[in-house]
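Subject: the structure I promised you

Hi,

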Amino acid sequence: MSVIGRRTMAVGLLAVFLLGGCASAHVFTVKRADPEVPCLRPLSEGNLLLGVALSGGGSRAAIFGSAGLEALAGLRLPDGTSLIEKISHLSSVSGGSIAASYYALKKPGKDVAVLKPDGALSDPYRAFFDQYRADLSQDFENALIWNQLLSFRWLNSALAAQTLAEILRDRLFGKTTFGEISQRERNGDTPGLIVNSTLYNNGRRFAMTAVPPGDFDYDFFADLRKSLERQGREMEPAPIIERRWQTLKPITPLEIHMDPCVVSLAGAVTASASFPPLVGPITLQVGGEKVYWHAGDGGLYENQGIETLLLLYLKQLQAKRAKRSLIIAFDSSFPFSVGERRLSLRSLPFSLWTFDFSRIPSIMEERASTYQALFFRTLQLEGVFPDSKTVGFVALRHTDAKWAADASDVPDACKAELEPMKSAQDVVERIAEIPTRLNLPSECDKELLVEAARRLVAAHADEILRFINRP
């Protein structure tokens, strides 16, 4: 979920109501796919599929995700190579899509060593990660607001999406297309990229990627029937459930006849990061078709970016094109408990100007994520899904990093603050309160996120390496 924070959201809503008619919305016409789509990248067969998911959360998620990838780069495998060289795909939502797309576009190529002989980052990678963090720390939020005002687009949400796409194009991605990212993947220079948004037409996850649609087509009911047969049971007819299962599968560009090769990276990230009514959704028309697709926030009900990776990898395991898969999730979603704490201390009733509208989707997301976790784990225990030795998960949440009891190990930027943190609980609460915005002005907040990512990867390094190194 994105983007601008509670107070800015209230102001933005007012402006939408008052000024929404001051500019016209914009429909983006995209190219219809030809019979041959040269940028498609079917998954190749292999032993291990390693996916990294980067959650939503505005600049908080972008910085945490980039620091997480840097920490993974420092994990050394037995052959002396870096773990990040084994990553098969990046799957991202909202702010995480900024980090994932930047990495896929600008990381050094396969011919550049990640690690020195002593295990330290090589000079090219050290320079890349330093620039990575600096570029993602920019103030995109105020640039968006001022560009809207100065271009007389006001706060029209559709035109705000267009403005954000222009900012991301000018500052980060240029005119790069998914066809160019696919070519980098073909050359071995980058993992595959999946940028997730939501189609408001039908509520389905829209996976902007060069992965062919069939590679996501996991047949859940085939595995369910096999599990029941092993128990001597038959599956009861469930046509309604089978139809509803189809709605959980992601839609790829080809399924709406869109050519993914010419889609701009900046546009895809904008769709993923938009959060109506402030920004987006983006309205698309494929060729001359009389159908309009409205793509927005990728974090609706699943803000981690895990779901598309899971279905993609389950399909490959089912088809015997891979033996094992591991998903490492850098989850910096805004903690649900923060809203609970704030509301429990609030004595005033809600009004139009003080209501935190982000609480509505966060409640839905919290419940959906809980059901999702229970669903997967239960079916894994029942033998429908592969066991944890075959499909592994490592969830790294920004609030789970451990700190010294007296907070003496916080970054220097935090020690210089007027009200320094005095306990580990103070640090956890400070990290949890970092808002979902497209700008983090506090150097302390930025450094806390970077250090949290490092500590979490270090704490789970043995678990990750054991899974990867297992034959």
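First, a term you will need: a polar contact is a pair of N or O atoms within 3.5 Å, where within protein one must be able to donate a hydrogen and the other to accept it, and residues adjacent in sequence count only if both atoms are side-chain atoms. There is one between the backbone nitrogen of Leu-43 and a polar atom of the Asp-215 side chain, 3.1 Å apart.

Before going on, some housekeeping. This is a predicted model, so local features need pLDDT of at least 70 and side-chain atom pairs count only at pLDDT 80 or more, while totals for chains, interfaces and linings use all residues. Residues are numbered from 1 along each chain as its sequence is written, and side-chain values use heavy atoms, with hydrogens and water left out.

Back to Asp-215. You'll find Asp-215 in the loop between strand E5 (205-209) and helix H8 (220-230); helices (H or I, at least four residues) and strands (E, at least two) are DSSP runs, numbered from the N terminus. Is Asp-215 buried or exposed? Its relative accessibility is 9%, so Asp-215 counts as buried (buried is under 20% relative accessible area, exposed over 50%, partly exposed in between, using a 1.4 Å probe and protein chains only). Leaving aside neighbours within four places in sequence, Asp-215 is in contact (heavy atoms within 4.5 Å) with residues including Pro-42, Lys-315 and Arg-321.

Now for helix H6 (residues 157-173). H6 is mostly covered, with 12 of its 17 residues buried. The cover includes strand E1 (27-30), helix H3 (95-106), helix H4 (123-136), H5, H10 and strand E6 (282-286). At the start of H6, a side-chain oxygen of Asn-156 comes within 3.0 Å of the backbone nitrogen of Ala-158. After H6 comes Gly-174, with a positive phi near 60°.

How do H6 and helix H10 (residues 265-273) pack? Their angle is about 130° and their axes are 8 Å apart (axes are lines fitted to C-alpha atoms, for helices over the stretch in contact, and angles run from 0 to 180 degrees between N-to-C directions). H6 and H10 are therefore oblique to each other: under 35 degrees counts as roughly parallel, over 145 as roughly antiparallel, 65 to 115 as roughly perpendicular and the rest as oblique. On the H6 side, the contact residues include Leu-164, Leu-168 and Phe-173, and on the H10 side they include Leu-265 and Val-269.

H6 also meets helix H5 (residues 140-150), where the axes come within 9 Å and cross at roughly 125°. That makes H5 and H6 oblique to each other too. Among the residues making this contact are Phe-140 and Leu-144 of H5, and Leu-159 and Ile-167 of H6.

Most residues other than glycine have a negative phi, and most peptide bonds are trans. Here, though, a cis peptide bond joins Pro-276 and Pro-277, with omega about 10°, and the bond from Gly-280 to Pro-281 is cis, with omega near 5°. Pro-277 sits in the loop between H10 and E6, and Pro-281 is found in the loop between H10 and E6 as well. Phi is positive at His-257, near 70°, and at Ala-407, near 60°. His-257 is partly exposed, with a relative accessible area of 37%, whereas Ala-407, at 4% relative accessibility, counts as buried.

Happy exploring!
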